Amino acid sequence: MDQTQRGRFVPDAEMARQTEYALLCRELLSARSDAPKKAYVHTYGCQGNVADSERIKGQLREIGYGFTETPDDADLILFNTCAVREHAEDRVFGNVGALKRLKAEKKDALVIALCGCMVQQPHIAEKLRKSYPYVDLIFGTFAIHRVPELLYRVLSAGRRLIEITPGDGTIAEGLPVERDRGVKAWLPVMYGCNNFCSYCIVPYVRGRERSRTPDAVLAEARALVSDGAKDITLLGQNVNSYGNGCGFDADFPTLLRRINDIPGDFRIRFMTSHPKDCTPALLDAMADCEKVAKHLHLPVQSGSDAILKRMNRHYDRAKYLSLIEYARKVMPELSITSDIIVGFPGETREDFEQTLDLVRRVEYTSLFTFIYSKRQGTPAAAMDDPTPPAEKSARFRELCGLQEEIASRRTAAMKDRVFRVLTEPGDEEGLLCGRTEGNVIIKFPGDPALIGQFTDVRVTRPRTWMLYGEQA
Ligand code: 5AD
Ligand code: SF4
């Protein structure tokens, strides 16, 4: 590894130790019964969690597990949890509660495990320890590469185990990956977040920013392409700060250009970009690279400067709007999406109107809208929040209504145009579906042999959130 490729990794000896534990688990399980072992893995939350689950499943496969979609058939049930909003946590508690009966029936023949962001919070781990005694294994985001060891300890000792030690800033490279997206692939480029937006739990449960080396990312991207991947999404909480402080010879725009240079017919996407670090250099790289989809997910969170300040976002609406203006100048066809939080503590009607105004100006393709959810331990949790929940819900509906109008106008303008989509199985009888570069879904009749390939489709009937079309 040369000077420019310095990163901090889980030592090889530790990774080798996990491989030994995988073997021990395998032996222990096959000594118990000859029947093939099955795991049910359910993932909540964002793509970062999906990518983690692919690595957890890779390790489970190495231990000898196959996978099932039915919890009742499983020898191991694992939930990879999310902590971003209270609603996600409530769902996990509900779904874990529903496993009590199954555990009572199967006893030691079933291992119930919870991992991920939600359980990394000490108050949640404590609640699970006290009130959910039938959960056998609980491990946080920093122990994802230690599945074999943790599982072996539970299986061999027959005792429950909770492992939520905070991270040490290292990255586990070389884990086996069990991907299940066909020609679409997630490719993490960095982990953690340094931004501490005042409402957000992520920095507390995923630790500080750390980037994979350009070599590691490029090697994985090349392997994906030669395995047939056609749509690769680069992942990070804030991809624009990729490599910060690492001394790499590549920042994020450079990384995009290098991946774009890999020969092959495939698309590159990335998420998420933070407006404070989104630069003209990134937008120029997007514009120059023919494989980079012309879709920018740029979460604004609020259109009010006062709220953005209290959110600790480090940009204002003027800077955001000027970025959008530059992006559209260099990519006239760019599709832009965003995340918006409604009802942040102290948000007034005037603040909210600033958000509506910004949404009207930008004309997003689509929006992910959320009502603010109080997260224990974040600065916003201590802020005054006098707005009644009913008022927040009304604002939320108003924002969704506005975006619906904008989306309908945008999709109507796509009528009769031809778009290149990556074909996927459809969810409507007799129809395939595909996503445009801008990430809009088109459903169309066609030969299932097209699945996994790029196809040109003409839009015939636009709907608000998707389109119907025919092969062009
Ligand atoms: N309440 C509501 N939404 C939140 N998000 C993050 N934290 C919270 C919270 N406490 C939203 C942000 C972020 C998206 C992934 O989730 O909009 O961009
Ligand atoms: Fe949370 Fe802000 Fe980091 Fe995104 S950038 S993960 S919203 S703290």
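## Ligand 1

A polar backbone atom of Y199 is 3.0 Å from a nitrogen atom of ligand 1. This is a polar contact, that is, a pair of N or O atoms within 3.5 Å. Ligand 1 on its own exposes 400 Å², of which the protein buries 85%; accessible areas come from the Shrake-Rupley method with a 1.4 Å probe. The model is a predicted one, in which local features need pLDDT of at least 70 and side-chain atom pairs count only at pLDDT 80 or more, while totals for chains, interfaces and linings use all residues. Residues are numbered from 1 along each chain as its sequence is written, chains are lettered from A and ligands numbered from 1 in the order in which they are written, and side-chain values use heavy atoms, with hydrogens and water left out.

| Residue and its part | Ligand 1 atom | Distance |
|---|---|---|
| R85, side-chain N or O | oxygen | 2.9 Å |
| Y199, polar backbone atom | nitrogen | 3.0 Å |
| S373, backbone N or O | nitrogen | 2.7 Å |

The shell around ligand 1 consists of V84, R85, Y199, Q301, D339, I341, F370, I371, Y372, S373 and R375; a residue is near a molecule if one of its heavy atoms lies within 4 Å of it. Strands β13 (335-342) and β14 (366-371) each supply at least two residues of this shell. Helices (H or I, at least four residues) and strands (E, at least two) are DSSP runs, numbered from the N terminus. By class, the shell around ligand 1 has 6 nonpolar, 2 polar and 3 charged residues. Ala, Val, Leu, Ile, Met, Phe, Trp, Tyr, Cys and Pro count as nonpolar, Asp, Glu, Lys and Arg as charged, and the others, Gly among them, as polar.

## Ligand 2

Y199 also belongs to the surroundings of ligand 2. Among the other residues there are C193, C197, C200, H274 and R313. The class count for the shell around ligand 2 is 7 nonpolar, 3 polar and 1 charged.

## Cavity

How many cavities of 30 Å³ or more does a search of the whole structure find? The search finds 1. A cavity is a set of points, on a 1 Å grid over the protein atoms alone, where a 1.4 Å probe fits but cannot get out; lining residues have an atom within 4 Å of a point. The largest cavity has a volume of about 50 Å³, the volume being the space filled by probe spheres set on the points, with grid points joined across faces, edges and corners. Its lining has 9 nonpolar, no polar and no charged residues. At least two lining residues come from each of α2 (47-63), β3 (76-81), β5 (137-139) and α7 (147-157).

## Strand pairing

Strands β15 (residues 418-424) and β16 (residues 432-435) pair in the antiparallel sense over 3 bridges; two strands pair if DSSP finds at least two bridges between them. R435 in β16 stands opposite L422 and also opposite I441 in β17. Strand β17 (residues 441-444) runs antiparallel to β16, with 4 bridges joining them. The two form a hairpin with 5 residues between them, and N439 in the turn has a positive phi of about 75 degrees. K443 in β17 is the bridge partner of C433, and in β19 the bridge partner of K443 is Y468. Strands β17 and β19 (residues 466-471) run parallel and are joined by 3 bridges.

## Backbone exceptions

Most residues other than glycine have a negative phi, and most peptide bonds are trans. K107, in the loop between α4 (100-106) and β4 (111-116), has a positive phi of about 50 degrees. M271 and T272 are joined by a cis peptide bond with omega of about 5 degrees. T272 is in the loop between β11 (267-271) and α11 (280-288).

Key
1 Å grid on protein atoms, 1.4 Å probe; cavity = no way out; pocket = protein on both sides within 12 Å on 5 of 7 lines; lining within 4 Å. Polar contact = N/O pair within 3.5 Å; in protein donor to acceptor, adjacent residues only side chain to side chain.
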